[in-house]
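Hi,

Here's the structure I said I'd pass along. Have a look first, and my notes on what turned up are just below.

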There are 2 protein chains.
Amino acid sequence: MSESDKSKPEESRKPTENIMYIGTKPPMSYVMATLSSLNNQDSNQLVFKARGRAISIAVDVVEITRRRFMRDKLAVKDIKIGTEQVGEAGDTRNVSTIEITVERTD
Amino acid sequence: MSESDKSKPEESRKPTENIMYIGTKPPMSYVMATLSSLNNQDSNQLVFKARGRAISIAVDVVEITRRRFMRDKLAVKDIKIGTEQVGEAGDTRNVSTIEITVERTD
């Protein structure tokens, strides 16, 4: 009880991690969602996450947003790559991942 | 004359920038070339460069090399993304790019 009571204020202090999952839609649909997200939320950071073939699309989304729509007002703060296991037990395979953190600078 | 004479020792001191261009071959063929390159050359750094859809393959190559073949002996030092213009004048388009710098740590 006291454990959960203590955890609540901590959660409300910590800003929600703003994540944009990139799949295989056309890049422009994620760009629109990105602009909307960066304009509305309290945090000025956004993390793009993608796996496999969508990694290229995630880079497209960041580059299009940054260059065409938010010139000089969006900075790439961090890029991480990694590997995840996907699939059911006995039928797993590895897939590459990327996480791109951007920050609004105005 | 003396200009070019002076530049020579400088060039030999500076290690050649080792670049691996990633295209659309299967990732494993680049992994083999990577292992060979990291074993043979003086420099312990290698820069992977890719554009467009090959960006996903570049991440695959780094992850497969690092995890399957050089466990804990290859570190990702830097990742940059960008945009390049391709095509002839009057028919240009933008393509996303990635540069991943890795370093052998043993």
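On confidence: this is a predicted model, and chain A comes out with a mean pLDDT of 86, with 83% of its residues at 70 or more. The part to treat with care is residues 1-14 of chain A, where the pLDDT is below 50. For the model as a whole, the scores are ipTM 0.81 and pTM 0.82.

Now the fold. Chain A has three helices and four strands, and going along the sequence they run α-β-α-β-α-β-β. Of its 106 residues, 28% count as buried. If you take the contacts in chain A between residues at least 6 apart in sequence, 66% of them join residues at least 24 apart.

Then there's the interface. On the chain B side, 15 residues are in contact with 15 residues of chain A. Which elements of chain B give two or more residues to that side? They are helix 3 (54-69), strand 3 (74-86) and strand 4 (93-104). Helix 3 of chain B has the largest share, at seven residues. By type, the chain B residues touching chain A split into seven nonpolar, four polar and four charged.

That's what I have for now.

Cheers

Definitions and conventions: Residues numbered from 1 in each chain as written. Chains lettered and ligands numbered in written order. Predicted model: local features only at pLDDT ≥ 70, side-chain atom pairs only at ≥ 80, totals over all residues. Contact = placed C-beta atoms within 7 Å. Nonpolar A, V, L, I, M, F, W, Y, C, P; charged D, E, K, R; others polar. Buried ≥ 20, exposed ≤ 12 C-beta atoms within 10 Å, placed from the backbone. pLDDT = per-residue confidence, 0-100.
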